[in-house]
Amino acid sequence: MPVITHDVTICGLRRDAVFDWLSAPANHERLLRGAFARVQPRGGGAFEVEIGAPYAGGTLTYRVTGQDDSHGGRRVLVRLEGQRTTGALHWSLRTTPPSSDTLVTLHVDYEPGGTLWRVADSLYLRRRLESSWRRVAENLQDAIGCPPA
């Protein structure tokens, strides 16, 4: 199962404030825009995104499913569902020095379905998804945090 991660720092906002912002599904549309070829709200915290990779366009449904603070940290959980690709995404939040900053890790693991889709993943789909998810994390930083260095 391929895994994609990307870290961003949110300056001047404590972890709980970032957690609350990310827990509101309506805020996720802003994060997805510009990272994918098309973003369509579907209601109930779900958004359909067009991957836009050559020969493997396809769409994914990005559905905010809840919060997890059971382990002492803070995570916002997202389910990814598509015709040929499924997976999970979570936003993991940690406090960093100074204590007013928050390190956010976007973690995605997904399963490309079928042999041809796995070949497409190794040739170009993974690079496209890595680029898109990196942009989603950067959009979070642009929306509520400090600008990239």
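Residues 24 or more positions apart account for 53% of the contacts in the chain with a separation of 6 or more. Contact means heavy atoms within 4.5 Å. This is a predicted model, in which local features need pLDDT of at least 70, side-chain atom pairs count only at pLDDT 80 or more, and totals for chains, interfaces and linings use all residues. Residues are numbered from 1 along each chain as its sequence is written, and side-chain values use heavy atoms, with hydrogens and water left out.

**The overall plan**

The chain has 3 helices and 7 strands. Helices (H or I, at least four residues) and strands (E, at least two) are DSSP runs, numbered from the N terminus. Read from the N terminus, their order is β-α-α-β-β-β-β-β-β-α. Of the 149 residues in the chain, 45% are buried. Buried means under 20% relative accessible area, exposed means over 50%, and partly exposed lies in between (1.4 Å probe, protein chains only).

Start with Thr105. This residue sits in strand 7, which covers residues 101–112. Its relative accessible area is 11%, so Thr105 counts as buried.

Which side chains make polar contacts with Thr105? One is Asp7, at 2.5 Å. Another is Arg94, at 3.3 Å. A polar contact is a pair of N or O atoms within 3.5 Å; within protein, one must be able to donate a hydrogen and the other to accept it, and residues adjacent in sequence count only if both atoms are side-chain atoms.

Now widen the view to contacts. Setting aside neighbours within four places in sequence, Thr105 is in contact with Thr5, His6, Asp7, His90, Trp91, Ser92 and Arg94. Ser92 belongs to strand 6. Is Ser92 buried or exposed? Ser92 is buried, because its relative accessible area is 15%. Residues up to four places away in sequence are again left out: Ser92 touches Arg74, Arg75, Leu103, Val104 and Thr105.

**A cavity and its lining**

The structure holds 2 cavities of 30 Å³ or more. On a 1 Å grid over the protein atoms alone, a cavity is a set of points where a 1.4 Å probe fits but cannot get out; lining residues have an atom within 4 Å of a point. Grid points are joined across faces, edges and corners, and a volume is the space filled by probe spheres set on the points.

Take the second largest cavity. Its volume is about 30 Å³. Leu60, Leu80, Thr85, Thr86, Gly87, Val108, Tyr110, Leu129 and Trp133 line the second largest cavity. The elements that give two or more residues to this lining are strand 6 (85–96), strand 7 and helix 3 (115–144). Which element gives the most to the lining? Strand 6 does, with 3 residues.

Sorted by class, the lining of the second largest cavity has 6 nonpolar, 3 polar and no charged residues. Here Ala, Val, Leu, Ile, Met, Phe, Trp, Tyr, Cys and Pro count as nonpolar, Asp, Glu, Lys and Arg as charged, and the others, Gly among them, as polar.

**Salt bridges**

Side chains of opposite charge can pair when their charged atoms come close. How many salt bridges does a search of the whole structure find? It finds 10 salt bridges. A salt bridge is a side-chain nitrogen of Lys or Arg within 4 Å of a carboxyl oxygen of Asp or Glu. The table lists some of them.

| Salt bridge | N to O distance |
|---|---|
| Glu29 and Arg33 | 2.5 Å |
| Arg38 and Glu48 | 3.0 Å |
| Arg42 and Glu48 | 3.3 Å |

Look at Glu29 and Arg33. Glu29 is partly exposed, because its relative accessibility is 23%. Arg33 is partly exposed, with a relative accessible area of 39%.

Next come Arg38 and Glu48, which form a salt bridge. This pair links distant parts of the chain: Arg38 is in strand 2 (residues 38–43) and Glu48 is in strand 3 (residues 46–50), 10 residues apart. Arg38 has a relative accessible area of 30%, so Arg38 is partly exposed. Glu48, at 18%, is buried.

Glu48 also forms a salt bridge with Arg42. Arg42 is partly exposed, with a relative accessible area of 49%. Salt bridges that share partners join Arg38, Arg42, Glu48 and Glu50 into one network.

Ile51 lies in the loop between strand 3 and strand 4 (59–68). Its relative accessibility is 2%, so Ile51 counts as buried. Ile51 and Ser132 are 81 residues apart along the chain, and their C-alpha atoms are separated by 8.1 Å.

Key
On a 1 Å grid over the protein atoms alone, a cavity is a set of points where a 1.4 Å probe fits but cannot get out, and a pocket is an open set with protein on both sides within 12 Å along at least five of seven lines; lining residues have an atom within 4 Å of a point.
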